[in-house]
Amino acid sequence: MGKNFEQIDIGQGGSAYLADADVDFTPPSGKVVIAITSLDDATEFNTLTPDNTDDVAYMSTATQVAQNGTNADVIPASETFPAGVTLYGRWTKVQIDAGAVLMYFGQ
């Protein structure tokens, strides 16, 4: 059975700015990060911990699972995301190594 996602516009569920490297960001209770927009031309992630409350898998910096598909790769710490790139998914923890991001919350 699929998860019934509440339809909201990005930003309606809250947001946060993160520019501190090597700090674990955890969204408010009852929420997850559903979108991350890079504000810097060299944003790197140390940690993207996917929400695993259903059978859907989201890209992460950890070992990929079968739901990610055959031969899916993890996001390496050396991967840089330029300003303006938005990642969509569901994450319970975010940590950047460099750069700055805006994070948007959902349930």
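Which residues does Phe 45 touch, not counting residues up to four places away in sequence? I looked this up first: Phe 45 touches Ile 36, Thr 61, Ala 77, Phe 81, Leu 87, Val 94, Gln 95, Ile 96, Asp 97 and Val 101. Contact here means heavy atoms within 4.5 Å.

A note on the model: it is predicted, with local features needing pLDDT of at least 70 and side-chain atom pairs counting only at pLDDT 80 or more, while totals for chains, interfaces and linings use all residues. Residues are numbered from 1 along each chain as its sequence is written, and side-chain values use heavy atoms, leaving out hydrogens and water.

Next I looked up aromatic pairs and found 2. Rings of Phe, Tyr and Trp (its six-membered ring) pair if their centres lie within 6.5 Å; planes under 30 degrees apart count as stacked, over 60 as edge-to-face and the rest as tilted.

I noted that Phe 25 and Phe 105 are stacked, because their ring centres are 6.0 Å apart and their planes at 5°. Phe 25 is buried at 17% relative accessible area, and Phe 105 is buried at 5% (buried is under 20%, exposed over 50%, partly exposed in between, with a 1.4 Å probe and protein chains only).

Then I came back to Phe 45: its ring and that of Phe 81 have centres 5.7 Å apart and planes at 70°, so this pair is edge-to-face. Phe 45 is buried at 2%, and Phe 81 at 13%.
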